[in-house]
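Reader: I've got this one open on my screen and I'd like to talk it through. Could you walk me through how the chains meet and where the open space is?

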Amino acid sequence: MTIQIRYFASLREALGAGETLALEPGAPALTVGALREQLIARGGAHAEVLARGRALRAALNQTMCAETAEIADGAEVAFFPPVTGG
Amino acid sequence: MSSTTPARPRVSIQTEDFDLSAEVAALRAGDGAVGAVTTFIGTVRDRHAGQPDPDSALISAMELEHYPGMTERAIEAMIDEALRRFDIRAARVVHRVGPLAIGDQIVLVAVSSMHRGESFQACEFLMDWLKSEAPFWKKETTPEGARWVDARVSDERALARWGIASTNASVPAP
């Protein structure tokens, strides 16, 4: 299964615009929070900007989501700071 | 509405400036039931609340980023909800992205209705929701460098008045 990860604002500056991530076939269902953990486990800039306790929001398929949301094959997952428009 | 006129978009995310008069004219066009139009324009400010402290640096420029696709869809959903909640005729949101200068227009919310009360309310509702839930990010430049603007809990409280909970600024630390 393949998912698309996107970053915005300060996360984009640290990690780039995003990446396509191939997950092992047959792997158990992945939540947005578990994906965040996987990315943190890479260390480096990922561990720093995605760290627990940092204010972060996530979207699944372009809708704001909780970290309990389950990621399906082909999904687009985005991580970004709290929004500041207007 | 004339059947030969293509439907105008309700939401535009754009780098270029917008014209209030033209937007209001288009919002009202062909709808004889409109008796009130409320508009809000947000502009780029050179300071934060509490400034100017004489020693603090003023903001010299602003840059806005969005999430193409999601941002438009999120605001479309907000307009749908405004149309459900309030007796309004139409609504329009224009939000600029990219580099902006002090004094530039950032955002327009325009609402038409038969009577003033509903458009006043719907305009504020849309702006309150947009502040805490539309994916935009502001980066400001001061003589001390550029920094991303922090979300404000006060914007969440503004949205809570409408019965909509947000944890944008007060994200719980897991």
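This is a predicted model: local features need pLDDT of at least 70, side-chain atom pairs count only at pLDDT 80 or more; totals for chains, interfaces and linings use all residues.

Reader: Which residue of chain A does Glu65(B) form a salt bridge with?

Author: A salt bridge needs a Lys or Arg side-chain nitrogen within 4 Å of a carboxyl oxygen of Asp or Glu. For Glu65(B), the closest N and O atoms are 2.6 Å apart, so the pair meets that cut-off. The partner is Arg12(A).

Reader: How much area is buried between chain A and chain B?

Author: In terms of contacts, 25 residues of chain A touch 29 residues of chain B. Carbon and sulfur atoms give 54% of the buried area. The total between the two chains is about 2200 Å².

Reader: Over to the largest pocket: which element gives the largest share of its lining?

Author: The lining has 28 residues, with Arg45(B), Lys131(B), Lys138(B), Arg152(B) and Asp155(B) nearest the pocket centre. Strand 2 (36–43), helix 3 (116–133), strand 7 (136–142) and helix 4 (153–160) of chain B each supply at least two lining residues. The largest share is three residues, and it comes from strand 2 of chain B.

Reader: What volume does that largest pocket have?

Author: By class, its lining is made up of 10 nonpolar, eight polar and 10 charged residues. The volume comes out at about 560 Å³.

Key
Residues are numbered from 1 along each chain as its sequence is written. Chains are lettered from A and ligands numbered from 1 in the order in which they are written. Side-chain values use heavy atoms; hydrogens and water are left out. On a 1 Å grid over the protein atoms alone, a cavity is a set of points where a 1.4 Å probe fits but cannot get out, and a pocket is an open set with protein on both sides within 12 Å along at least five of seven lines; lining residues have an atom within 4 Å of a point. Grid points are joined across faces, edges and corners, and a volume is the space filled by probe spheres set on the points. Helices (H or I, at least four residues) and strands (E, at least two) are DSSP runs, numbered from the N terminus. Ala, Val, Leu, Ile, Met, Phe, Trp, Tyr, Cys and Pro count as nonpolar, Asp, Glu, Lys and Arg as charged, and the others, Gly among them, as polar. Contact means heavy atoms within 4.5 Å. Buried area is the accessible area (1.4 Å probe) that two parts lose on being put together, summed over both.
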